[in-house]
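Let's walk through a protein model together, one question at a time. Keep the picture open while you read.

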Amino acid sequence: MRTGPEDAERLVPRYVPRPRLHLVREWAEGDDVYRAELYDCVADGAVSAAPVLGEVPRLTPAWWSGLRTVIGGLSTVRTDRTAVRQAYLDRAMPKYLAFLGRPVPTAPPAWSTAHGDLHWANLAGPQLSILDWEGWGMAPAGYDSALLHAYSLAVPETAERVRRELSDILASEAGRFAELVVITELLQSAERGDNRELVPALRQRAGEVSGLGR
């Protein structure tokens, strides 16, 4: 996982906007290991200071168009890296989606390459740039779009915008499954105290998309 930035530099196409990685240094001091990475400066800041969106962002149509292009292009990158594992889905989805009252499938309709952490604190604007490439790799198809949508749920206007802009992904069978995957992950992390304010919206959204496979 630690080689994600270097692997992205080698394998992810240049048209995917991100700060270029120039130098990596690792060293040990006693029992501690340190790592430093030198990147290009990103002139525009992150859209949000936190992964969960707190207000409607001011983003241009060109930004959204660029995001669609990036998600589509990245999904075709060939890699043996893994962002989400089938073993995790088999273990976690039945547990955290049990409130739906019926079994849910745990096998994705398809797999594709994803950034793996596409939330609002990893997206720069108004000039689109994608930060933090440590965890990219194979995931259920539609994963990045589903993750961004889930982190938008506290701002319904933007959640609706995400659904509209990424409708070709989120309205598909694979996209609905990916939403259930992301909801599983975020409900699990909420148990540890992360982003608990999203739980009611996550559970409601799970109910909305849980018709998958019927």
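Reader: What is the volume of the largest pocket?
Author: This is a predicted model, where local features need pLDDT of at least 70, side-chain atom pairs count only at pLDDT 80 or more, and totals for chains, interfaces and linings use all residues. Residues are numbered from 1 along each chain as its sequence is written, and side-chain values use heavy atoms, with hydrogens and water left out. On a 1 Å grid over the protein atoms alone, a pocket is an open set of points where a 1.4 Å probe fits, with protein on both sides within 12 Å along at least five of seven lines. Grid points are joined across faces, edges and corners, and counting the space filled by probe spheres set on them, the largest pocket comes to about 390 Å³.

Reader: Which helix gives the largest share of the lining of the largest pocket?
Author: Lining residues have an atom within 4 Å of a point, and of the 17 here, the closest to the centre are Gly 116, Asp 117, Tyr 143, Leu 147 and Glu 185. Helices are DSSP runs of H or I with at least four residues, strands are E runs with at least two, and both are numbered from the N terminus. α4 (143-150) and α7 (173-191) each supply at least two lining residues. The largest share, four residues, comes from α7.

Reader: Which residues are closest to the centre of the second largest pocket?
Author: That pocket has a volume of about 180 Å³. It is lined by 15 residues, and the closest to its centre are Ile 71, Gly 72, Ser 75, Gly 142 and Ile 169.

Reader: Is Glu 179 buried or exposed?
Author: Glu 179 sits in helix α7. Buried means under 20% relative accessible area, exposed over 50%, and partly exposed in between, using a 1.4 Å probe and protein chains only. Glu 179 has 2% relative accessibility, so it counts as buried.

Reader: Which residue has a side chain in polar contact with that of Glu 179?
Author: Leaving out residues up to four places away in sequence, Glu 179 touches (heavy atoms within 4.5 Å) Ala 146, His 149, Leu 170, Arg 205 and Val 209. A polar contact is a pair of N or O atoms within 3.5 Å; within protein, one must be able to donate a hydrogen and the other to accept it, and residues adjacent in sequence count only if both atoms are side-chain atoms. At 2.8 Å, the side-chain partner of Glu 179 is Arg 205.

Reader: Which residue in the turn between β1 and β2 has a positive phi?
Author: Strands pair if DSSP finds at least two bridges between them, and eight join antiparallel β1 (residues 21-29) and β2 (residues 32-39). Ala 28 stands opposite Val 33 in β2. The two strands form a hairpin with two residues between them, and the one in the turn with a phi of about 65 degrees is Gly 30.

Reader: What is omega for the peptide bond from Gly 125 to Pro 126?
Author: Pro 126 lies in the loop between β4 (123-124) and β5 (129-130). Most peptide bonds are trans. The bond from Gly 125 to Pro 126 is cis, with omega near 15 degrees.

Reader: What is the phi of Asn 195?
Author: Asn 195 is in the loop between α7 and α8 (199-209), and at 27% relative accessible area it is partly exposed. Most residues other than glycine have a negative phi. Asn 195 is not a glycine, yet its phi is positive, about 50 degrees.
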